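Me: Please show me the structure, and then let us go through it in questions and answers.

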Amino acid sequence: MEKIERKIKRALVSVYHKEGLEEIIRALHALDVELVSTGGTKDYIESLGIPATAVEDLTQYPSMLGGRVKTLHPGVFGGILARREHEQDLKEVAEFNIRLFDLVIVDLYPFADTVASGASQEDIIEKIDIGGISLIRGAAKNFQDVLIISSVHQYLSLLDILREQKGITSLEERKHFAKLAFAVSSGYDTDIFRYFDQGNLSAFRVAEDHLNVLRYGENPHQKGYFFGNLELYFDKLQGKEISYNNLQDIAAACDLIAEYKAPTFAVLKHNNPCGIATRETIQEAWVAALACDPESAFGGILVANRPIDVATAQSIGDLFFEVLIAPDYDSEALAILTQKTKRILLLQKGKIPSNYSFKSALGGVLVQEDDNYNEDPKAFEVVTQKSPSEDEVDDFVFAQKVVKHCKSNAIALAKDSCLLAVGIGQTSRVSALKQAIEKARNFGFDLQGAVLASDAFFPFDDCVALAAEAGITAIVQPGGSLRDKDSIKKADELGIAMVMTGVRHFKH
């Protein structure tokens, strides 16, 4: 890797938000870096007792058109784009008395926040940054010579460079920050396009305000990134750094728990439910959910749709888990849960909008609507001689919500609004059912009177026979197989109630 070093001697600073800027400015000043700035940023720098040159002194033009034109001038962009090892570039900047920049710090106008605030179209349009985005792209393009800091989230990294490296950057570092800059730029343009193209596919939430660089991806040898703003939906109360895998699990947990209205607690592992129950209180729901699969709960993701009270916190006790998500926490419950400092505790501030999902494939992107189908017992078609009881219908709805969030092929067994076991990710449906039955028995559950939910149809009647043998009395499945009649006939022979929904819930 090339190590072409550049020392920061001159910096252009033009930011909207000033949080965290003071330490940067003082560190630059301590290294005798000349500061050039604009408007409010220049005033802020000077309020710290540190001198700054106005951009207007370089351009010989004042800020004009209501602030729309400030930095768009060769006196600024020539100093950013000039190539240090290009003889003609250096000749031209000398001829026009243009001085070079080594560092550019820009924080864009808050376009997405302005849209979200319900502001007028006029105010929204004025938050489309022109000069700032041009500075970011220009400095990133010339990463051979210039370091670009395009977000406040990069300030800590810049401070390390200023303090530990005395303002000396390598080509590798400059290229890394250029990559982040183009991520910021593309995300910003996506927000703008989304505003102008409201209601169309391209307007969906591909990225939020900023890019988060994670420690690594699914495994330590993979790089990982998160395009999004977790703070929009959660307050992180404590815990270690949230990882790539944590983020996937958090998303899966929030999607699952959003299905339930009554007090419900769920435990997930590797994006799949391994325990979930609905009860009168959240503490009772936790105890029942944990009993579903106490082995898998170790190191799992816990999620509740009610505040965590003292009784629930005490019941959780010393169990090792990665993340706990809830809409609120009693102060005494927090005192218990925070005794282990590495636990990630998230307070979910509201419903997370989810309409479409995205997945890379074959050099492109697959996009689909989320599976937001609401289970409606009125739409169930009873196809057997025996009809399900009211309790079984309630368990159908409960189990269908679970199986919808399991990797296919999937089977969920439930009773009394509690998951008994799941069979997940199997290559045949009968294998999924065998797995679920074995798990339920291993944890001491009596399957007599339980219901079975399947994410897709039964291609043969073998699952019906296996279910009856285990004591399961009712089945809900989408139907649609060429051999549906075989499964219905077998259910009638064995005295099992079966309903068909007409809605498949594959999840790959």
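**Sheet, helix and domain contact**

Reply: Five strands, in the order β4-β3-β2-β5-β6, form an open sheet with parallel pairing. β4 (53-54) and β6 (147-149) stand at its edges with a single partner strand each, so one side of each has no neighbour in the sheet. Strands here are DSSP runs of E with at least two residues, helices are runs of H or I with at least four, and both are numbered from the N terminus; two strands pair if DSSP finds at least two bridges between them. This is a predicted model, in which local features need pLDDT of at least 70 and side-chain atom pairs count only at pLDDT 80 or more, while totals for chains, interfaces and linings use all residues. Residues are numbered from 1 along each chain as its sequence is written, and side-chain values use heavy atoms, with hydrogens and water left out.

Me: Which residue in β4 does Val36 stand opposite?

Reply: Strands of a sheet pair through backbone hydrogen bonds, either parallel or antiparallel. Strand β3 (residues 34-37) pairs with β4 in the parallel sense, over 2 bridges. In β4, the residue opposite Val36 is Thr53.

Me: How far apart are N and O in the salt bridge of Glu46 and Lys42?

Reply: A salt bridge here is a side-chain nitrogen of Lys or Arg within 4 Å of a carboxyl oxygen of Asp or Glu. Both Glu46 and Lys42 lie in helix α2 (residues 39-47), 4 residues apart, which is about one turn of the helix. Their side chains meet with an N to O distance of 2.8 Å.

Me: What area is buried between domain 2 and domain 3?

Reply: The chain is divided into domain 1 (6-197), domain 2 (233-348) and domain 3 (378-500), with bounds from an automatic or database domain assignment. The centres of domain 2 and domain 3, taken over C-alpha atoms, are 27 Å apart. Buried area is the accessible area (1.4 Å probe) that two parts lose on being put together, summed over both. Carbon and sulfur atoms give 58% of the area between these two domains, which is about 1,500 Å².

Me: Which element gives the most to the side of domain 2 that touches domain 3?

Reply: The rule finds 2 salt bridges across this interface of domain 2 and domain 3. On the side of domain 2 that touches domain 3, the elements giving two or more residues are α11 (244-257), β12 (272-278), α12 (282-292) and α13 (294-297). With 7 residues, the element that gives the most is β12.
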